[in-house]
Amino acid sequence: MYPRLGLWALLVLPAWWAQPASAYTPQDGDIVFHTSTSRQSVAVQAATHSPYSHLGIVLLRGGAPYVLEAVQPVRYTPLQAWLDRGRHGRYVIKRPIAPLDAHTKARLHAAATPYLGKPYDLTFEWSDQRIYCSELVWKLYRDAAGIGLAPLARLDSFDLQAPAVQAKLRERYGANIPRGEPVISPAAIFASPLLVTVDQR
């Protein structure tokens with residue numbers, strides 16, 4: 001098939017044909033999305049009609065990129081570990097179309113500190129006592145930059161009829177579903193016109 005290339009060339013051909021490495025350079029404030037493998041992911045996807053069920057915010061610590069994420073509890077995760085954790089290793093990274101200045105980036109770091117260690121909010125309430133992933137990112141941008149990444153919605157504005165969604169509603173609320181609770185979804189932030197995609201896989 002390759003008469004003049006020889007064995008050595010056959011061995012390096014796969015690398016030669018491989019796609020180039022990502023040129024992505026992490027910046028404070030980048031927002032990362034993936035499909036979580038958590039037990040509630042299917043319900044979040046069904047309710048929001050989006051494949052992306054989890055997100056976090058990139059913050060550089062000692063020059064290394066980390067993702068601040070609302071899990072149990074809110075914590076920093078190395079960026080590459082976070083990207084690898086998504087289903088099938090797929091992810092999308094977005095950042096504001098209008099670049100953040102150094103002052104705003106510093107404010108993001110400062111605004112993140114009070115949320116560290118807070119428990120994950122299984123009932124998606126809008127208080128700061130517990131917090132979920134998209135709420136954390138939305139509030140950090142509000143507090144540090146005065147930016148509302150996307151409009152808030154009511155819980156009952158989502159598709160609550162899918163079996164996976166119904167099961168989670170019964171599990172977490174019983175018969176007392178707070179239908180008017182303000183909510184921000186991963187899908188709403190993903191669709192924000194204030195953001196542009198800078199990397200994906």
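# Rings, a helix and one alanine

Colleague: What does Ala 153 count as, and at what relative accessibility?

Modeller: Ala 153 has 25% relative accessibility, so it counts as partly exposed. Buried means under 20% relative accessible area, exposed means over 50%, and partly exposed is in between (1.4 Å probe, protein chains only). This is a predicted model: local features need pLDDT of at least 70, side-chain atom pairs count only at pLDDT 80 or more, and totals for chains, interfaces and linings use all residues. Residues are numbered from 1 along each chain as its sequence is written, and side-chain values use heavy atoms, with hydrogens and water left out.

Colleague: Which strand does Ala 153 lie in?

Modeller: Strand E6, residues 153-154. Strands (E, at least two residues) and helices (H or I, at least four) are DSSP runs, numbered from the N terminus.

Colleague: And what does Ala 153 touch, leaving out residues up to four places away in sequence?

Modeller: Phe 158, Glu 181, Pro 182 and Val 183. Contact means heavy atoms within 4.5 Å. Glu 181 is 28 residues from Ala 153 along the chain, yet their C-alpha atoms are separated by 8.1 Å.

Colleague: New topic. How many aromatic pairs does a search of the whole structure find?

Modeller: The search finds 6. One of them joins Phe 33 and Phe 190, edge-to-face, at 5.0 Å centre to centre with 90° between the planes. Phe 33 is in strand E1 (residues 31-34) and Phe 190 in helix H7 (residues 186-190), so the pair links parts of the chain 157 residues apart. The cut-offs: rings of Phe, Tyr and Trp (its six-membered ring) pair if their centres lie within 6.5 Å; planes under 30 degrees apart count as stacked, over 60 as edge-to-face and the rest as tilted.

Colleague: Is Phe 33 buried or exposed?

Modeller: Buried, because its relative accessibility is 0%. Phe 190 is at 21%, so it counts as partly exposed.

Colleague: How are Trp 126 and Trp 138 arranged?

Modeller: They also pair edge-to-face, at 5.5 Å centre to centre and 70° between the planes. Trp 126 is in the loop between helix H4 (102-112) and helix H5 (133-145), and Trp 138 is in H5, 12 residues apart. Both are buried.

Colleague: Which residues form one aromatic cluster?

Modeller: Phe 33, Tyr 52 and Phe 190.

Colleague: What lies over the face of Phe 190?

Modeller: Lys 94, at 3.9 Å from the ring centre. Arg 61 has its charged end over the ring of Tyr 66, 5.5 Å from its centre. The rule is NZ of Lys or CZ of Arg within 6 Å of the ring centre and within 35 degrees of the ring normal.

Colleague: Back to H5. How many of its residues are buried?

Modeller: H5 is mostly covered, with 10 of its 13 residues buried. Among them are Cys 133, Leu 136, Trp 138 and Ala 144. The cover includes E1, strand E2 (54-61), strand E3 (64-69), strand E5 (92-96), H4 and H7.

Colleague: What should H5 span?

Modeller: 18 Å, and its end C-alpha atoms are 18 Å apart, so the two agree. Expected span is 1.5 Å times one less than the number of residues. Gly 146 follows H5, with a positive phi near 65°.

Colleague: And the protein chain, how many helices and strands?

Modeller: It has 7 helices and 8 strands. Buried residues make up 45% of its 201 residues. Of contacts between residues at least 6 apart in sequence, 68% join residues at least 24 apart.
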